[in-house]
Each structure stands twice: as structure tokens, then as C-alpha cells.
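Here is a short note for a colleague opening this structure for the first time. Please read it with the model on screen.

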Amino acid sequence: MKNFSGKVLFLDRSDINTDEIIPARYLTEISKEALKPYLLEDLNLEELIPGQDVDGKSIIITRANFGCGSSREHAPWALEVNGINLVIAESFARIFRQNMFNCGMMAVELPPETIEHIFTVFGGRETFVETDFKESKFTIKTQGKKEDIFYSISDFDRALVKAGGWLEYADSKY
Amino acid sequence: MGKTIAEKIFDSHRVDSPSEDIHVLNLDAAFCHEITTPIAINNLVSKGKDRVFDPLKIKAVIDHVTPAKDSNTAMQGKILRDWARRHDIKDFFDIGRNGVCHAIFPEKGFVRPGFTIIMGDSHTCTHGAFGAFAAGIGTTDLEVGILKGVCVFHTPVTIKINIAGRMPEGVYAKDVILSIIGRIGVNGATNKIIEFAGPVVDKMDMEERMTLCNMAVEAGATCGICNPDMTTVKYLWEFIKDEYSTKKAALEAFEKYAADSDALYDDVIECDVNNLEPQVTFGYKPDNVKPVKEMEGTPIDQVYIGSCTNGRINDLRVAAKILKGRKISNLVRGIVSPATPKIYSQAMEEGIIKIFMDAGFCVTNPTCGACLGMSNGVLADGEVCASTTNRNFNGRMGKGGMVYLMSPATAAASAIAGHITNSELYKG
């Protein structure tokens, strides 16, 4: 199973699309590793320096409809090769969400008020998330603050994460 | 209780339901192109699973970057080409016979009512115009589709959009779908299916229905879908005439996939087109939509007519009617990409290509082209394109570029004016 714990990159906007996650001009690459320098290159967010701010981060926390747009699995891959295996958001676009679990990664939804709370308390600070996969629990930490937040994913998504992805799951079953 | 189109298709294709909300469906077709398939092929090869579930149900095309522009894209084409040969995939369309996937596959008769189709391309929702369940998926789903002929989906939840009224002159399917996306938002149909229904849809030809369904994903939808009817039968007739004794018999077979009148919807949205005006996007989201007149005079550098949304013959006819006998502005570069060789050659026979060229357009081969800034027609930083495509995301047509989405009529009129303008100005 992949690592779902580490330092957080906050992206405070809804509807961040796949072209912003990994621009189409890099889709001619035929290895995942080659995508690494281009993650979030076209995302214009105040105070975000894509190449620099991604460094050392393992988790993205963002708002609604993350990953809308194209079907490109290059979006999860660009995250994966940068060591980011977990995105926490209010909601996701369907294909992006499915692609994440298909790769054995996690796209976890939390209620809007919880996301708002996380942004209010932890946004802009150096923040860590520890994921307890067995208990479906995130422990969010920053200096002087610590909170436990429970999440839920379906049994099927859980099985995909455990199996390492959908190909492994499907090939053994169908 | 009645069923929606998608519910009927799910019920006839379900092979497993590993948990309550999850349905594994048999596939009637897996469509492939050279951007998302080569990585799937390489993954399958590296895992010792280089097999295909049924070479007759796999259709492949090189369309995004063709001719190849560099060594990387040449390699993407080669991986797809070699794979198609290796597995005896007969329906593989390489340069000279290739076109934009969501235009060429329907044109070849590969889409039928009741079909389940996947492709590693978000605009796969286009094929729902035929009463099929067609969904964009990622590379891993594609790998499994290619290998096992199955794909997994959540329980289909459907929003019905009833489109009523009389389409005003100069207003097209593109304006209708832009106005709908503007109304429900880019997240308005996420994880849902949009069923397009009502008298306006009933009167639309297949090309117009494809334009509607093509952009369903811009509202987040899994698939846009229309009821199969006699229009569907007539479009497909040359491909199905050996299977059915009469068109009526084909219609009866297809109608079993039409929605029941007592089907249950998540939401029903009424849409009246009587007073609809030509629409255009602004900003970087497809739901940033307003009437063209509110954007009148906005300067543009490039006009692009083409893509899986609006690169079909009727789109070219509409634009040519406006361009005939006129020149595009010196301030504007015009590019038109007929979506398939058939459309290209039809446009030549009808004199449409000449009209475009005389007006000052560059006519490219059939390709996805400028739409996603991967091959030709890329914008420079700060440039603006009036485009008949489907996505205006930041950087879509080139880093720092801006894309305004609109109908072919508005794009043609804007090319002449040199700025965004209503096609009304160039009537007759």
C-alpha cells in the first residue's frame, strides 16, 4: 500500500482542473517520471509557486470539484511521482476520483464545513496529516494544534487501495 | 417503476456488483487514441498482460497529434500502430484515413443505441447522442477494458434536461449547451448522467445531438445521452440494413433503450430556447457564459473551427455560409480542421474548402489540432482565440492563452470582424 501521510499542500480554490494539474502539452511524455517537474504548472493561485511549493509535500487539501476536465490519468501520475498519494477535498470530478483509486491512491471527500474548518485552523501553516487507513482517520497537526478527523470510503475503494489498483483487482476477478 | 436510458443499459450489461453502489459492466466497445493508450499498452506489456479482450470491439485512431510533430509523438503513434497490428485490430485509423475520434467512430457506424463504450478521453460522452452509455475513463480503466472487456461505474443517477421552444435563427446546438452549462455550472452534473430530451432534441439531427452530448462533461457529467429514434436509425441505416428488415424494425429494437415515461430522475430541468441568443464563454471555466452581444468587440488573434464539438460537415456549412465572398480580418489568423477525411472531402465537393481558403483560412488535415494546444494552432502568451471547441481552461491552447468558446457561426462572423461579434451581422 502507498504512503498516505506527510506534509500538506493547501490549494484554496474550487474547480481546479486537469489542465492546471498537468498541462496537455506534456501528454506526449510516455513515462510517468517525466511529468514530475510540471505538476500544477498552469495553476495561478496567489502565493503559490508550483515547482517550489510542491517539494516535500505528500498530501493536497483543496475545495470542491478537484480534477475536473480531461480524463488524463497523467493528473494522478503527476501527483504520484511527486510523492503525493492523497488528495482531500469537498468533492472530486468523477474520472479523476476513479483514476486515483485505480492507481491505488486516495481521493477522500470531507464535508464542506470540515474542509472550511481545516482551512481556517491550518491553512497557511506548516501542517502534517497522519493517515490511519485501518481506522479511516486523519490526524491533522500543526504547531500547538492537533485534530482527529474520521473519513469514509467505500469497501470497493478500500479494496482497490489494498490491491494496489483496479488492474490487479479486475484481472484476478473477471 | 420506469427506467432511464442508462438504467436500462446498466441492467443489460451488468456482470458484477462488488458493493451496493458499484456496477461492473460488459463493454460493447473500447475506443483508443494515441495519447492515453500507449501508456496503457506499455503497462500491460510490462505486466505480462499484453492481450485484448476482443480485437473486433477495439477501435483505434491517431488523432491528437497527426502528423507526428516530434520524436515523442512519433513514438506514441508507433506504440499504438504496432499494438493494433500485433492484435489484429482491424479498425485502426492511421494518417490519411484518420480523424477526430468522436467524429470518425460514429461516422463509421461503431456506435449503437444501448451500447456501453469507454475511451481514455473525457469527451467520450459525445456518443451518448446515439442512446449509448459512453464514458471517458483514465488509463487504468482503459487497461482493464482492453484486457477484460469490463469497466466499473457507480449507480447511474440521471438529470433530465427538457429542451423546448423554437430555436431562433442564428442559434445552434452549441449555444444551447453553453447556456445549459452556464446555468448548472461545471460541477452541476458531477457523477450524474444528463438525459437530453424534449421537442428541440427530437428535431435535432445526429450532429447537433453530438454537440450537446459532447459538452456534458463540461458540467461534470459521466455521459450525455439522447433517446434513440428514427433520426438515429436513419443515420445508422447504411451500417445496420443487413441486420434489420426495415427501418421500423430497427427503431423497435432501438426503442427498448429509450427512457420510460415514468422513469425516476434526480432532477428535471426545463430549458426554453425561444429567447436564446448566441452564447460565448469568458474566463477560464466553461460555465462562464454570456450572450455574444455582451462580449461584442472583444479583440481576438485567432479563430479555430473544428474539434469533436463542432468540426462536422454542418458546422463547416454554417461557417462557410457566413464566410462566402468575404475575407477574414487582417488582425486574425483563421484555422479550420474538418474532423474526418469524409467531412473534408464532402466539404471539398461542396466548395466549402474553397470558401474557407478564399476567406483567408488555413485548412488543416483532420486532427484535434489547436483544441488542446498539443500540436498546431498553439497560442502565444497573451493571445486570444475564438474557438468552436469545448474547453477554455487556462493554458488549454497554449500557456498564457485565452480561449472563448462559441458556435461555428459566431466564430466565422468574429473572424471577419476581427473581434467577437454576432453572426447576425453577416447574414445572407
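1. Start with the salt bridges between the chains. Seven salt bridges are counted between chain A and chain B. The term covers a side-chain nitrogen of Lys or Arg within 4 Å of a carboxyl oxygen of Asp or Glu. Lys399(B) and Asp42(A) form a salt bridge, with 3.1 Å between the closest N and O atoms.

2. A word on the basis. This is a predicted model, in which local features need pLDDT of at least 70 and side-chain atom pairs count only at pLDDT 80 or more, while totals for chains, interfaces and linings use all residues. Residues are numbered from 1 along each chain as its sequence is written, chains are lettered from A and ligands numbered from 1 in the order in which they are written, and side-chain values use heavy atoms, with hydrogens and water left out.

3. Next, the extent of the interface. In chain A, 41 residues are in contact with 53 residues of chain B; contact means heavy atoms within 4.5 Å. The area buried between the two chains is about 4000 Å², and carbon and sulfur atoms give 55% of it.

4. Between chain A and chain B, 24 residue pairs are in polar contact, both residues being at pLDDT 80 or more. A polar contact is a pair of N or O atoms within 3.5 Å; within protein, one must be able to donate a hydrogen and the other to accept it, and residues adjacent in sequence count only if both atoms are side-chain atoms.

5. Which helices of chain A each supply at least two residues of the side that touches chain B? They are α3 (74–80), α4 (94–102) and α7 (166–173). The largest share, seven residues, comes from α7(A). Helices (H or I, at least four residues) and strands (E, at least two) are DSSP runs, numbered from the N terminus. The side of chain A that touches chain B divides into 16 nonpolar, twelve polar and 13 charged residues. Here Ala, Val, Leu, Ile, Met, Phe, Trp, Tyr, Cys and Pro count as nonpolar, Asp, Glu, Lys and Arg as charged, and the others, Gly among them, as polar.

6. Look at α7(A) itself. Its buried residues are Trp166(A), Leu167(A), Tyr169(A), Ala170(A) and Asp171(A). Buried means under 20% relative accessible area, exposed over 50%, partly exposed in between (1.4 Å probe, protein chains only). In chain A, these residues pack against α4 and α6 (155–163). In chain B, they pack against β2 (22–26), α2 (37–46), α5 (139–148) and β8 (150–154).

7. Now the aromatic rings. The whole structure holds 21 aromatic pairs over all chains. Phe105(B) and Phe110(B) form a tilted pair, 6.0 Å centre to centre with 40° between the planes. Rings of Phe, Tyr and Trp (its six-membered ring) pair if their centres lie within 6.5 Å; planes under 30 degrees apart count as stacked, over 60 as edge-to-face and the rest as tilted. Phe105(B) counts as buried because its relative accessibility is 0%. Phe110(B) counts as buried at 13%. In chain A, Phe156(A), Trp166(A), Tyr169(A) and Tyr174(A) form one aromatic cluster.

8. The loop between β5 (128–132) and β6 (137–142) of chain A deserves a look. Phe133(A) lies there and counts as buried, at 9% relative accessibility. Among the residues that Phe133(A) touches are Met1(A), Met106(A) and Tyr151(A). Ser136(A) is found in this loop too. Ser136(A) has a positive phi of about 55° although it is not a glycine.

9. Check the backbone in chain B. Most residues other than glycine have a negative phi, and most peptide bonds are trans. A cis peptide bond joins Thr66(B) and Pro67(B), with omega about 0°. Ser307(B), not a glycine, has a positive phi of about 90°. Ser307(B) lies in helix α11 (residues 307–310) of chain B.

How values were computed. Buried area = accessible area lost by both parts, 1.4 Å probe. Lists of a residue's contacts leave out its neighbours within four places in sequence.
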